[in-house]
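Student: I would like to learn how to read the packing and the charged pairs of a model like this one. Could you take me through them step by step?

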Amino acid sequence: MENTTTDISLWQQIKKGDITAFENLYDSYADVLLTFALQYTNEASEAQDAVHDVFLDLYRYKNNLSDPVNVKSYLLKITQRNILRKNKSRKKLFIYDEDHQQKTLEETSFEQTLIEEEKILELNSKLAFAMQDLTEKQRKALFYRFNENKPYEEIAYILDISVESCRTLIYRCLKELRKKL
């Protein structure tokens with residue numbers, strides 16, 4: 001998962017204040033970031049706010065941006081941090097029993113929240129490095145399956161392979177990633 005030439009170019013232009021580059025980066029990543037954000041919250045509006053906050057901060061602090069190793073990973077990390085920060089204000093965790101009645105599970109401390117956030121960031125970092133070892137075809141298959149929620153049949157059609165090969169490809173990718181994590 002290396003930076004594409006387009007990502008690097010857009011990032012450099014954003015640092016110079018280019019609004020068109022900013023819009024292009026938003027168009028490229030907004031849907032991916034929203035899908036990612038929805039993994040951390042069930043509230044679509046909260047996920048959208050987190051993604052918009054990422055881009056507002058990028059624009060607001062464009063003069064102080066450093067060059068990330070991977071633009072997409074950087075954007076995912078910032079999105080995740082935004083959601084986790086908003087969740088810190090909620091002190092109680094809730095659980096639903098079989099009757100779907102809400103019960104308070106426990107109170108979380110600030111330290112516990114930070115520990116959980118660090119674990120998630122570490123896991124995401126390990127996943128990003130593990131993904132670098134996959135082929136482009138493998139990364140595309142995983143992206144279509146888990147980011148785009150496409151069925152195996154559609155992925156097989158896009159990648160021009162059989163459905164059985166598609167299932168095997170994704171299974172082997174996941175097996176390889178599990179070994180590395």
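**Salt bridges and cores**

Tutor: Let us begin with the charged side chains: the structure, which is a predicted model, holds nine salt bridges.

Student: Which residue forms a salt bridge with Lys150, and is Lys150 buried or exposed?

Tutor: The partner is Glu154, and the closest N and O atoms of the two are 3.2 Å apart. Lys150 has a relative accessible area of 18%, so it counts as buried, the cut-off being under 20%. Glu154, by contrast, is partly exposed, with a relative accessible area of 35%.

Student: Which residue does Arg167 pair with?

Tutor: Arg167 forms a salt bridge with Glu153, the closest N and O atoms being 3.9 Å apart. This pair links distant parts of the chain, 14 residues apart, with Arg167 in helix α8 (residues 163-180) and Glu153 in helix α7 (residues 152-159). Arg167 is partly exposed at a relative accessible area of 40%, and Glu153 is partly exposed at 46% relative accessibility. Salt bridges can also be read as a network, as in the one that links Asp133, Glu176, Lys179 and Lys180.

Student: Turning to the nonpolar side chains, how many residues does the largest core have?

Tutor: As a general idea, nonpolar side chains tend to be buried together in soluble globular proteins. Here the largest nonpolar core has 22 residues, and those with the most contacts inside it are Leu25, Tyr29, Leu33, Phe55, Leu58 and Leu75. Helices α1 (5-15), α2 (19-37), α3 (44-60) and α4 (71-88) each supply at least two of its residues, with the largest share, seven residues, coming from α2. A second, separate core of 15 residues includes Ala130, Tyr152, Ile155 and Leu177.

Student: What does Leu33 touch, beyond residues up to four places away in sequence?

Tutor: With those neighbours set aside, Leu33 touches Val51, Phe55, Leu75, Leu76 and Thr79. Thr79 is found in helix α4 and is buried, with a relative accessible area of 0%. Leaving aside neighbours within four places in sequence, Thr79 is in contact with Leu33, Phe36, Ala37, Ala50, Val51 and Val54.

Note on methods. Residues are numbered from 1 along each chain as its sequence is written. This is a predicted model: local features need pLDDT of at least 70, side-chain atom pairs count only at pLDDT 80 or more; totals for chains, interfaces and linings use all residues. Side-chain values use heavy atoms; hydrogens and water are left out. A nonpolar core is a set of buried Ala, Val, Leu, Ile, Met, Phe, Trp, Tyr and Cys residues joined through side-chain atoms within 4.5 Å. Buried means under 20% relative accessible area, exposed over 50%, partly exposed in between (1.4 Å probe, protein chains only). Helices (H or I, at least four residues) and strands (E, at least two) are DSSP runs, numbered from the N terminus. Contact means heavy atoms within 4.5 Å. A salt bridge is a side-chain nitrogen of Lys or Arg within 4 Å of a carboxyl oxygen of Asp or Glu.
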